[in-house]
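Colleague: I'm new to this one. Could you walk me through how to read a few of its features?

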Amino acid sequence: MKNTLKSKAVLSFAVLLILSSFSFAVVFNWGLDQLFQNYATLQQERRMQQIVTQINNLYIPDSNSFSTDGLEAVGNAALQNGMILHVQSINDEVDWDISSHRAKECQLMLQHRERNMHSRYPNFEGSYQQSVLDLTYQGQVVGTLTLGYYGPYTFDDIELQLINSLNRLLIGIGVILLLIAAIFGSYLAMHLTRPIHHVVNAAQKIARGDYQVKIQEHYKTKEISELITAINEMAEQLRTKELQKQRLTADVAHELRTPLCNLQSHMEAVIDEVWEPTPELFRGCCDEIQRLTNIVNQLKELTEYEDHRVVLDKSNFQVSSFFDSILSSFAFSAKEKNVRLIVDCQNFKSICLADEQRIKQCIINLVSNAIKYTENGGTVKMTFKEDADFYYFDVSDTGIGIPPQDIPQLFERFYRVDESRARKTGGMGIGLSITKAIIEMHGGAIWVNSVVGQGSVFSFKLPKNSI
Ligand code: ADP
């Protein structure tokens with residue numbers, strides 16, 4: 001049998017049932033034997049008392065003897081019950097022994113009882129035993145009764161038959177239980193392994209690169225349903241990553257192609273003497289080269305963050321001067337776009353411990369996006385707060401907002417809400433990924449709330465203790 005989960009489940013179930021049936025059988029048998037032994041011993045004593053009473057009634061006081069006819073009847077009955085009867089009156093008037101009348105039957109009866117006991121208990125240690133009892137008349141001892149038997153106790157044929165039938169019944173129940181175990185075990189194993197087969201099939205497809213796979217079946221077992229959810233999520237994530245990779249290639253190719261084409265056409269025009277090699281023309285070329293360099297640098301930076309090759313340079317810095325420098329960086333672009341740029345700080349004297357340059361880079365990314373996606377006359381606000389555990393930074397705008405379906409992917413590399421819009425504004429969709437990487441390196445978290453047409457709030461928090 002193959003080492004499968006199914007075979008293991010069936011085997012475990014069968015072993016468990018065999019062990020429990022076996023223990024039950026042992027206990028049941030032991031109890032049965034004890035019960036029968038007690039019963040046989042009590043029965044023996046009761047019969048002896050009966051015989052004593054019967055013989056007492058046979059006493060003839062006039063002759064100080066016992067009725068021999070009666071003794072014969074009682075002796076024969078006792079022999080049927082496995083007892084050899086010997087009655088002796090006190091005056092030796094009567095000395096009646098059944099073995100002297102029916103020696104052969106007595107012998108056969110003892111052998112039969114011995115066989116009965118050995119058939120049930122092969123190691124039964126029995127022997128011929130005798131019990132001597134007083135015979136009385138009106139309180140006076142008038143004789144002795146000696147009862148011989150194979151003992152300490154024996155089973156008669158009916159008792160033996162009963163105990164053997166009970167044993168056979170037990171074996172029958174055991175076999176039926178085993179059959180039920182095998183059927184139930186197989187059913188259970190099938191029930192358990194079916195979802196695992198689905199998971200294995202799905203995992204094999206994923207391994208072959210088919211990320212479209214999705215396990216549709218629903219199972220009530222908690223662990224199985226969690227496993228299926230995990231596999232489905234994994235496939236979904238791999239699919240998204242694959243799409244991102246494809247988009248990255250397309251994006252990089254597209255982003256590089258435009259400046260390269262521009263450069264090439266400018267150069268060709270100069271070579272063909274269509275254009276004069278003026279400083280103006282070279283400035284245009286220089287801008288294109290700058291654009292290329294920016295793209296390459298951004299890509300390089302992101303890779304460094306993603307590969308954890310950057311070491312943070314943490315220091316204490318004053319929040320007021322931090323925001324001042326940001327305000328002055330954006331003074332021109334905000335004014336040019338007629339966007340009001342303001343700072344709302346809980347306490348301008350606050351000191352923040354973090355990698356100042358990198359956190360500044362994050363705020364710059366968020367503010368430049370906010371200005372970029374806010375119409376003339378709008379407002380962009382930077383907020384700073386702190387509590388015992390965290391520093392909280394917000395950048396809010398009154399711009400175009402982000403559709404809810406785009407929010408989960410917003411921080412992914414090269415994700416742009418609207419390709420044409422982003423290209424027009426010159427974005428590569430890397431800024432937010434870099435921002436997120438920097439904040440996570442600080443042990444913090446970033447999130448966004450946005451309403452289309454009303455604006456967006458990008459918020460992040462940095463833990464104080466881990467910085
Ligand atoms: P990009 O360089 O394209 O701006 P980002 O990673 O900074 O790249 O931003 C990703 C996308 O998120 C942008 O293309 C834009 O669609 C959207 N986005 C970012 N910030 C805002 C904002 N404040 N308002 C509206 N859309 C935004």
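This is a predicted model: local features need pLDDT of at least 70, side-chain atom pairs count only at pLDDT 80 or more; totals for chains, interfaces and linings use all residues.

Colleague: What volume does the second largest pocket have?

Modeller: About 380 Å³. It has 15 lining residues, and the closest to the centre are Glu306, Phe411, Ser433, Lys436 and Glu440.

Colleague: Which helices each supply at least two residues of that lining?

Modeller: Look at α6 (222-271), α7 (279-306) and α11 (431-441). The largest share, 5 residues, comes from α11.

Colleague: Now aromatic rings. How is a pair of them described?

Modeller: You give the distance of the centres and the angle of the planes. Here the count comes to 18 aromatic pairs. One of them joins Phe411 and Phe458, at 6.3 Å centre to centre with 80° between the planes, so the pair is edge-to-face, as angles over 60 degrees are.

Colleague: Where do Phe411 and Phe458 sit in the chain?

Modeller: Phe411 is in the loop between β11 (390-397) and α10 (419-425), while Phe458 belongs to strand β13 (residues 455-463). They are 47 residues apart, so the pair links distant parts of the chain.

Colleague: And how are two packed helices described?

Modeller: By the angle between their axes and the distance between the axes. Take α4 (residues 103-120) and α5 (residues 157-207): their axes come within 11 Å and cross at roughly 10°. Angles under 35 degrees count as roughly parallel, and therefore α4 and α5 are roughly parallel to each other. On the α4 side, the contact is made by His112, Asn116, Ser119 and Arg120. On the α5 side, the residues include Asp157 and Leu160.

Technical notes. Residues are numbered from 1 along each chain as its sequence is written. Side-chain values use heavy atoms; hydrogens and water are left out. Axes are lines fitted to C-alpha atoms, for helices over the stretch in contact, and angles run from 0 to 180 degrees between N-to-C directions. Helices (H or I, at least four residues) and strands (E, at least two) are DSSP runs, numbered from the N terminus. Angles under 35 degrees count as roughly parallel, over 145 as roughly antiparallel, 65 to 115 as roughly perpendicular and the rest as oblique. Contact means heavy atoms within 4.5 Å. On a 1 Å grid over the protein atoms alone, a cavity is a set of points where a 1.4 Å probe fits but cannot get out, and a pocket is an open set with protein on both sides within 12 Å along at least five of seven lines; lining residues have an atom within 4 Å of a point. Grid points are joined across faces, edges and corners, and a volume is the space filled by probe spheres set on the points. Rings of Phe, Tyr and Trp (its six-membered ring) pair if their centres lie within 6.5 Å; planes under 30 degrees apart count as stacked, over 60 as edge-to-face and the rest as tilted.
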